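Please examine the chain shown below.

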Amino acid sequence: MQALKGIHLEDVIEGLREYQPDAEADKLLGAYAFASKAHKGQVRLSGEPYMSHPMEVAMILTRMKMDPAVISAGLLHDTLEDTDATPQQIEESFGTEITTLVEGMTKLSMISFSSREESQAENVRKMILAMSKDIRVVLIKLADRLHNMRTLDFLPPARQKNIAQETMDIYAPLASRLGLHWIKVELENIAFKYLLPFEYHRITGLMAERQEELDKFLLSICNQTRDLLLKERIAAQVTGRFKHFYGIYRKMKEQNLDFDQIYDLIGVRIITNSLMDCYKTLGLVHNRWKPIPGKFKDYIALPKENMYRSIHSTLLTNTGRRVEFQIRTQQMHRHSEEGIAAHFRYKEGKQTDKHDDHFIWVRRLLELGMSVDNPQEFLENLKVDLFPDEVYVFTPKQEVKAFPTGATPIDFAYAVHTQVGNHFLGAMVNGKPVPADTRLRNGDVVEILTADDQRPAREWLKIAVTSHARSKIKAHIRNSQKADALRLGREIVEQELTRHGITAEQYLARQLLEPAAVALGFKNTETLFERIGMSMFSVYNLLQKLLPPAEWRKVEDTRRTYLKDVPQETGVRVGNIHDMAIRFAGCCNPVPGDPILGYISAGHGLVIHNKSCPMIKVLESDPEKIVEARWEAVTTKQMRPVRILVYCLNQPGILARVTAAIADCGANISAANVSSTDHIGGEIDFTVEIEDLNHLQKIIEAIRTVDGVRSVERIMDASRAGKK
């Protein structure tokens, strides 16, 4: 896996003409001359001339069997970023197609972010979005990453690990999903070397120790297979291979095995001339050696989403060693080597088949990239799709659909159509009704039941697995919340105007509302109503801007009278927003001094939670509704309820002693529940009225000094009441 040495342009041209004998070399010659001039004097960290890198990238692209335009773009891919070359110069010299490819590559590299995680997420998102214009940009990026991985030795250790991890997380599985298995294997092996050097060297050492024995066995099994096929007059190519290093390590880790327990280190690939010969060959090898139950997959009948087709069957040989046989046709093998590149056809430099309809996964990924704005959410969803471990299920019409392991009927519904998913009511699997969270299995026949009045629920996000379904559910929930808030906001304004004796219709006309909304800093009236409906903007701020002075004085007088009778101080401030309806969460009962945040509940104002509340993890799934909040001084003392759980010995007088300690601290007990936990112990669940966090600490310390008390804790979750 060391970098190739001494690549020359003649090597690249020769590689191209192996699969396009009539290809013109003019583009490559021009691109090489342009790049050489632009990179003149530049060197890599290895000390080699910089041009060695684009030459290696071009050579990798010829192995992918890409056209001259893509290889030319590979030679030029760093010129815009690392030299003084301009897009206009490339356009004048090579035309729009090559310029677009080079610019696409440049855009993937010229992004800066506040954190490495954000940078990775957005970089990958930009890369996937580049597919929507031309997927060949991503193929160039994979070639670029492969050569950079081959020369990783020259970077500092920390940088090596960061690049290796990103490669393992994103680029290797992306290569696999695009059908470029050989790139995936090499990327994984190199990344493995830098991420887990001890494990890498251990496995490579163990393989080296057994190499001679494995070579002999592989030669023997291949010869036996050839003889078997020759006897039945089946023309085929038979080759052997070894499981790659990272594949061995992953299997050892996932199945908790020692190296000596990995029995399928060897594989045999049989390439036939026809589909019929594939199945004939399968019968012959199954008759010759013993098939291992559960180790057979027919990807010819049920292709993977990237259209990989082959029969896989693991057999037990006479020596007791396991061998995986892969059986496919020449055309299937070509696709397995070239992947998505095999599904692109170019004529006179123009792409005639932009996105092959077979590549459902690619099209779904493009849709995800364009519909999800949050980079972290996109990366989270992407990783689900990159590591699928697919299951294959059927529609009632016997159409096959592939899903990641763990997929549910909701995933299936959204795969059929977004509206089917949005109106999902239930599912029938193999003719029987099943719960929505049922995990689909290979061979299931799934029928979706819908209802016009059914809508996506937030609970569906706990059930859906695929990024497609999850993004559609989130989008619908967001849109529904905005629509509800807009409607509620308008109703609130109407009600307030009516309550103060003002004709609402007169002031809700757009010609009056629009200028008021803009003056208050909103894009339009819809945004203003949404904010009011979500209790994030005071209706009175709007009325003050909207109404003439005489009408506003009428509102102020009515409101002033109302405020005299209603205590308004909550002791909580959220930014500079006033007149917000605020309530405190019953699950955690925050008190002054606790770190707090607010959760916006449409129609119910702002709910204040303690930052330690167990509900926060649930609420954070909707970050747009989380707002920062803080305590502030109030003119009137307010008592806040808080729950305390006291574990104590089961002895006479213990309840009286604890309640006396609480009373001595100036606190009122509003509720108490006593229960026994065993024959010597019990617990008391108190609700106590306190002033602030200091007051609470004083009470807890006082209780701890009571004879017979084992421990005291504050309850943040109502479900813990009465439990130890």
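Among the contacts (heavy atoms within 4.5 Å) between residues at least 6 apart in sequence, 67% join residues at least 24 apart. This is a predicted model, in which local features need pLDDT of at least 70 and side-chain atom pairs count only at pLDDT 80 or more, while totals for chains, interfaces and linings use all residues. Residues are numbered from 1 along each chain as its sequence is written, and side-chain values use heavy atoms, leaving out hydrogens and water.

The chain has 29 helices and 22 strands; these are DSSP runs (H or I, at least four residues, for helices; E, at least two, for strands), numbered from the N terminus. Of its 724 residues, 49% are buried, that is, under 20% relative accessible area with a 1.4 Å probe and protein chains only, whereas exposed means over 50% and partly exposed lies in between.

Consider helix α12, which covers residues 197-209. Its buried residues are Tyr-200, Ile-203, Thr-204, Leu-206 and Met-207. Seen down the axis of α12, these fall within an arc of 160°, so they line one face of the helix; the arc is taken from the directions from the helix axis to the C-beta atoms. The face turned away from the buried side of α12 carries the exposed residues Phe-198, Ala-208 and Glu-209. Cover for the buried residues of α12 includes α11, α13, β1 and α14.

Finally, Asn-541 lies in helix α25, residues 539-546. Asn-541 counts as partly exposed because its relative accessibility is 29%.

Conventions: Expected span 1.5 Å × (residues − 1).
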